[in-house]
Amino acid sequence: MTDTLFDIPESVPKWRELASVHGIETEQTCDTWEARYDDLGTLNRSTDHETEKEAVISLIHKMELKGWREVSL
């Protein structure tokens with residue numbers, strides 16, 4: 001039994017949804033995040049970000065991937 005009046009499913013943030021759609025992979029090394037996107041055999045990266053969200057959004061904007069105008073920091 002839940003304490004809430006309605007069961008509202010958690011929504012997926014747009015940046016995470018776009019990362020999934022475009023196949024963007026992320027990795028945390030020490031205290032920074034990196035996002036990677038394979039563009040027909042060419043690996044593009046966005047590195048040295050404080051959060052996973054920043055890394056993904058930066059890469060989406062850099063590559064102007066579909067939906068890039070829908071996400072921002």
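Is Glu52 buried or exposed, and what is its relative accessibility? In this predicted model, Glu52 counts as buried, at 19% relative accessibility, because the cut-off for buried is under 20%.

**Salt bridges**

The structure holds seven salt bridges. Three of them are listed here with their N to O distances.

| Pair | Closest N and O atoms |
|---|---|
| Glu52 and Arg16 | 3.5 Å |

Glu52 forms its salt bridge with Arg16. Glu52 lies in helix α2 and Arg16 in helix α1, so this pair ties together parts that are 36 residues apart in sequence. Arg16 is partly exposed, at 38% relative accessibility.

Glu70 counts as exposed, with 53% relative accessibility.

Salt bridges with shared partners also join Glu25, Glu27, Glu34, Arg36 and Arg45 into one network.

**Nonpolar core**

The largest nonpolar core has 14 residues, and those with the most contacts inside it are Ile24, Ala35, Val56, Ile60 and Val71. At least two core residues come from each of α1 (14–22), β2 (32–39) and α2 (52–63). The most come from α2, which gives five.

Beyond its neighbours within four places in sequence, Ile24 is in contact with residues including Ala35, Val56 and Ile60. Arg36, a member of the salt-bridge network, is also in contact with Ile24.

Note on methods:
Residues numbered from 1 in each chain as written. Predicted model: local features only at pLDDT ≥ 70, side-chain atom pairs only at ≥ 80, totals over all residues. Heavy atoms only, no water. Core = buried A, V, L, I, M, F, W, Y, C linked by side-chain atoms within 4.5 Å. Buried < 20%, exposed > 50% of the residue type's maximum accessible area, 1.4 Å probe, protein only. Helix = DSSP H or I, 4+ residues; strand = E, 2+ residues; numbered from the N terminus. Contact = heavy atoms within 4.5 Å. Salt bridge = Lys/Arg side-chain N within 4 Å of Asp/Glu carboxyl O.
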